[in-house]
Amino acid sequence: MEENIKTTNKKGVKDLTIGNPYLVILTFALPVFLSQLFQQLYNTADSYIVSKFLGTNSLGAVSSSGTLIFMLVSFFTGTAMGAGIVISRYFGANDEENVQKAIHTNIAFGLVSGIALTIVGVLLTPTLLVWMNTDPDILPESIEYFRYYFLGITATVMYNICRSIMNALGDSKRPLYYLIFSSILNVLLDLMFVGWFRWGVWSAAVATVISQFASVVLCFVYLLKKGHIYTVEIKKIKFHGDMLKEIIKYGLPAGVQNSVISLANVIVQSQINTFGKFATTAYGIQGKIEGFGFLPITSFTMALTTFISQNLGAKKYDRAKKGAKFGIFAGVVVAEVIGVIIYLLAPQMIGIFDKTPEVVYFGVKHMRTLTLFYCLLAYSHSIAAVCRGSGHSLTPMIIMLSVWCVFRVIYIAVVMLFAHEIAYIYWAYPLTWAISSVIYLIYYLCSNWLYGFEKKKKIEQ
């Protein structure tokens with residue numbers, strides 16, 4: 001079986017257990033970075049085109065639904081990360097049979113998740129947006145955008161599923177190529193639907209769905225190719241009980257973590273919304289720009305999780321430890337450099353989307369509160385990636401939920417009682433990033449994270 005996998009590695013997948021660990025992480029992270037960059041660019045283009053042709057209210061409508069969309073999607077995509085960990089681990093251990101079972105189970109999970117999200121998103125849209133204190137001026141368009149987006153949410157979920165499969169096998173280039181194509185398509189459709197036809201804010205959601213569906217088609221054209229370790233066969237797409245348990249074991253904590261933190265962000269946005277539509281619009285713009293600052297963090301965390309999983313599966317502990325140190329350091333440094341750049345250019349960046357003085361004021365104030373602390377955000381996410389890659393998925397879930405969710409919400413609720421000032425909401429983020437970073441540092445230095453999978457085997461025996 002080992003010889004078979006070594007051969008298939010030459011056909012589109014990459015063994016991260018060999019070669020210079022630093023170079024391996026960088027070459028894996030770079031395509032991930034570029035794919036995230038293109039995704040952020042077309043999300044930003046989406047907002048820019050809506051603002052340019054439909055105005056501030058329409059941009060506010062798109063902005064108002066961002067955290068809510070992420071909250072509903074993140075549980076399923078977070079849980080799917082568990083499959084990536086399982087696939088990487090078995091790939092590193094040269095276990096082709098279990099790699100196949102994990103891939104097909106993950107696809108089945110994505111299809112079911114997409115259908116569930118469509119139903120929930122379409123039915124609960126008005127209730128959720130009203131609960132978030134969405135400004136009445138933008139509520140009708142928010143509902144419109146949100147519902148159309150969720151009618152095609154299965155495409156978004158399935159793209160993330162396919163990407164997690166390819167990334168788990170060390171292939172971060174093809175997801176980049178497919179995302180570049182869908183990004184260009186999305187911008188062209190935005191210009192056609194919003195700019196030319198002037199169909200309204202709902203058409204921006206339709207453009208996103210169509211472009212995501214195109215990327216999913218490309219993914220499956222590749223994954224259906226015969227004779228590879230990753231080959232998907234339609235008849236094999238089902239839930240394999242033992243594999244589903246493993247995926248849930250490693251992925252459910254990440255899914256719960258993502259969703260509950262997203263819920264906390266929804267609560268934060270509901271507080272932001274009480275300051276009016278300009279604050280809401282600025283919050284959405286800031287989120288788009290922060291997405292760029294988050295790119296190196298995402299890139300290195302995805303690379304770290306895959307690298308750690310494959311190498312621990314192959315029992316290369318020293319290599320895993322070296323890779324972890326490098327990935328954490330690189331992610332922190334690059335994130336901070338980007339944070340400084342965004343801090344300096346904040347007014348110009350906000351002005352690209354909306355030059356309304358009130359929007360620029362709120363946006364710059366928010367960005368300059370957060371950006372110099374991106375190093376803390378990167379550090380927390382990097383250690384969380386190491387934990388997940390080593391089979392300790394519960395650890396980041398507990399830390400993130402207690403600090404980024406419970407403490408953050410309590411903090412905001414308390415300070416808003418005494419001083420209804422938006423700056424205190426902005427400061428909730430760097431404060432909680434700092435607390436979680438201290439906890440993660442203690443855990444990383446004191447725990448025996450390298451042997452997470454080995455402990456599991458001993459328990460089973």
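Leaving out the residues within four places of it in sequence, Val386 makes contact with Leu304, Ile308, Ala324, Ile328 and Trp449. This residue belongs to a predicted model, and Val386 itself is placed in helix α14, which covers residues 374–389. The briefing begins with that residue, then turns to the chain as a whole, to the confidence of the prediction, and to a few residues in loops.

- Val386 has a relative accessibility of 1%, and because buried means under 20% relative accessible area, Val386 counts as buried.
- Val386 and Met302 are separated by 84 residues in sequence, while their C-alpha atoms are 9.6 Å apart in space.

**The chain as a whole**

- The secondary structure of the protein chain consists of 18 helices and zero strands.
- The radius of gyration of the protein chain is 21 Å, which is close to the 23 Å that the globule rule gives for 461 residues, and the chain is therefore as compact as a globular protein of that length.
- Along the principal axes, the C-alpha atoms of the protein chain fill a box of roughly 65 × 50 × 35 Å.
- Buried residues make up 61% of the 461 residues in the protein chain.

**Surface and charge**

- The protein chain exposes about 18000 Å², and 69% of this area is supplied by carbon and sulfur atoms.
- There are 36 positive and 24 negative side chains in the protein chain, and the centres of these two sets lie 6 Å apart.

**Confidence in the prediction**

- The average pLDDT of the protein chain is 85, and 93% of the residues have a score of at least 70.
- Confidence is lowest in helix α1, residues 2–8, where the mean is 38, and highest in helix α17, residues 428–446, where it is 94.
- Over residues 1–10 the pLDDT stays under 50, and for this stretch the model has 18 contacts beyond four places in sequence.
- Residues 457–461 also have a pLDDT below 50, and this stretch has two contacts in the model beyond near neighbours in sequence.
- Where pLDDT is low, the predicted coordinates should not be read in detail.

**Residues in loops**

- Thr371 is found in the loop between α13, residues 357–370, and α14, and with a relative accessibility of 1% Thr371 counts as buried.
- Apart from its neighbours within four places in sequence, Thr371 is in contact with Glu336, Gly339, Ile342 and Tyr343.
- Gly19 has its place in the loop between α1 and α2, the latter covering residues 21–54, and with a relative accessible area of 47% Gly19 is partly exposed.
- When neighbours within four places in sequence are left aside, Gly19 is in contact with Val24 and Arg319.

- Arg198 is found in the loop between α7, residues 173–196, and α8, residues 201–223, and the phi of Arg198 is near 55°, a positive value in a residue other than glycine.
- Lys315 lies in the loop between α10, residues 277–313, and α11, residues 317–344, and although Lys315 is not a glycine, it has a positive phi of about 60°.
- Lys315 counts as partly exposed, at 43% relative accessibility.

Key:
Residues numbered from 1 in each chain as written. Predicted model: local features only at pLDDT ≥ 70, side-chain atom pairs only at ≥ 80, totals over all residues. Heavy atoms only, no water. Helix = DSSP H or I, 4+ residues; strand = E, 2+ residues; numbered from the N terminus. Rg over C-alpha atoms; globule rule 2.2 N^0.38 Å. Buried < 20%, exposed > 50% of the residue type's maximum accessible area, 1.4 Å probe, protein only. Areas by Shrake-Rupley, 256 points an atom, 1.4 Å probe, with all protein chains shown as cover. Lys, Arg positive; Asp, Glu negative; His and termini not counted. Charge placed at Lys NZ, Arg CZ, Asp CG, Glu CD. pLDDT = per-residue confidence, 0-100. Contact = heavy atoms within 4.5 Å.
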